[in-house]
Amino acid sequence: MTQQTIPVIAIDGPSASGKGTVAALVARELGFHYLDSGAIYRVTAYAAQQGGVALEDEPGLVELAHKIALRFDGVEVYLNGAAIGNVIRSEEAGRAASQIAALPALRAALLERQRAFRQAPGLVTDGRDMGSVVFPDATVKIFLTASAEERAQRRYKQLIEKDFDASLAALLQDLRERDARDAARSSAPLRQSADAALLDTTNLTIAQAVARVLQWFREAKA
Ligand code: C5P
């Protein structure tokens with residue numbers, strides 16, 4: 001199998017849409033690898049803050065992106081060999097990630113790192129530009145979303161489960177601001193591309209969303 005023939009299921013969409021949960025379950029079901037591309041932006045922003053690199057310093061961030069060693073093992077993330085736990089899952093870490101994600105040179109610097117996850121027997125990945133930029137030849141491209149209110153509820157539950165403090169009103173506002181910034185940036189903006197299927201999960205259970213993705217994948221392969 002050459003890398004180009006390895007199947008990819010690309011799931012893009014806004015913050016807290018549930019795309020990560022769905023993508024991880026689809027990967028488990030198919031026995032495929034899973035890439036949470038948002039985690040790469042989150043860890044890079046975290047590494048910058050730890051290393052004293054300003055979040056506006058594009059050349060400094062590019063250098064850092066090439067230098068850091070990153071490894072994922074289930075839900076754990078290792079930065080330069082050390083497990084970093086939940087620190088990258090806070091709202092603040094998400095904002096920092098979104099800030100550096102607007103820088104085109106940084107996005108370019110992270111491309112090969114993401115493409116390296118395309119390994120047999122297949123990859124399920126989620127993010128903002130998985131189908132449009134990173135894996136334009138993906139087998140299936142999905143834009144997974146839900147209403148802002150529903151997404152704020154989901155993020156609230158997720159944060160409380162991880163023992164973070166959270167306010168529903170603040171989360172809703174933060175989600176709207178992050179969506180607006182991700183959609184307005186010139187480099188790989190958040191939007192449904194013409195060749196991506198829309199999966200609105202506002203009124204779907206996780207199991208229903210997973211079943212839909214699996215069905216589309218089977219149809220695409222047939
Ligand atoms: O998906 P997650 O919330 O973890 O992503 C954090 C931030 O990283 C997003 O708000 C977005 O700005 C950025 N991101 C991106 N491209 C991706 C994945 C994430 O720009 N493929």
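Which residue in the turn of the β3 and β4 hairpin has a positive phi? In this predicted model, the residue is Gly 74, with a phi of about 60 degrees, and the hairpin has 2 residues between its strands. Residues are numbered from 1 along each chain as its sequence is written, and side-chain values use heavy atoms, with hydrogens and water left out. Local features need pLDDT of at least 70 and side-chain atom pairs count only at pLDDT 80 or more, while totals for chains, interfaces and linings use all residues. Helices (H or I, at least four residues) and strands (E, at least two) are DSSP runs, numbered from the N terminus.

Strand β3 (residues 70–73) runs antiparallel to strand β4 (residues 76–79), and 4 bridges join them; two strands count as paired if DSSP finds at least two bridges between them. Within this pairing, Phe 72 stands opposite Val 77 in β4. On β4 there is also an antiparallel pairing with strand β5 (residues 82–83), over 2 bridges, where Tyr 78 stands opposite Ala 83. The hairpin of β4 and β5 has 2 residues between the strands, and Asn 80 takes a positive phi near 45 degrees there.

Next comes an open sheet of 5 strands, with parallel pairing and the order β2-β6-β1-β7-β8. Its edge strands are β2 (33–36) and β8, each of which pairs on one side only. From one strand to the next, the twist averages 20 degrees; angles run from 0 to 180 degrees between N-to-C directions, and axes are lines fitted to C-alpha atoms, for helices over the stretch in contact. Strands β1 and β6 run parallel and are joined by 5 bridges, with Ile 11 opposite Asp 126 in β6.

Helix α9 links the sheet to the helix packing. This helix lies across β1, β7 (140–145) and β8, and runs at about 165 degrees to β8. Helix α9 (residues 206–221) also packs with α1, at an angle of about 55 degrees and with the axes 9 Å apart. That angle makes α1 oblique to α9, as angles under 35 degrees count as roughly parallel, over 145 as roughly antiparallel, 65 to 115 as roughly perpendicular and the rest as oblique. The contact (heavy atoms within 4.5 Å) includes Thr 21, Val 22 and Leu 25 of α1, together with Ile 206, Ala 209 and Phe 217 of α9, among others. By class, the residues of this contact divide into 10 nonpolar, 1 polar and 2 charged; Ala, Val, Leu, Ile, Met, Phe, Trp, Tyr, Cys and Pro count as nonpolar, Asp, Glu, Lys and Arg as charged, and the others, Gly among them, as polar.

A few backbone details remain. Most residues other than glycine have a negative phi, and most peptide bonds are trans. Ala 16 is not a glycine, yet has a positive phi of about 60 degrees. This residue is found in the loop between β1 (8–12) and α1 (19–30) and is buried, with a relative accessible area of 11%. Buried means under 20% relative accessible area, exposed over 50%, and partly exposed in between (1.4 Å probe, protein chains only). Ala 188 likewise has a positive phi, of about 45 degrees, in the loop between α8 (168–184) and β8 (197–200), and counts as buried at 16% relative accessibility. Finally, the peptide bond from Ala 120 to Pro 121 is cis, with omega near 5 degrees, and Pro 121 lies in the loop between α5 (104–115) and β6 (123–127).
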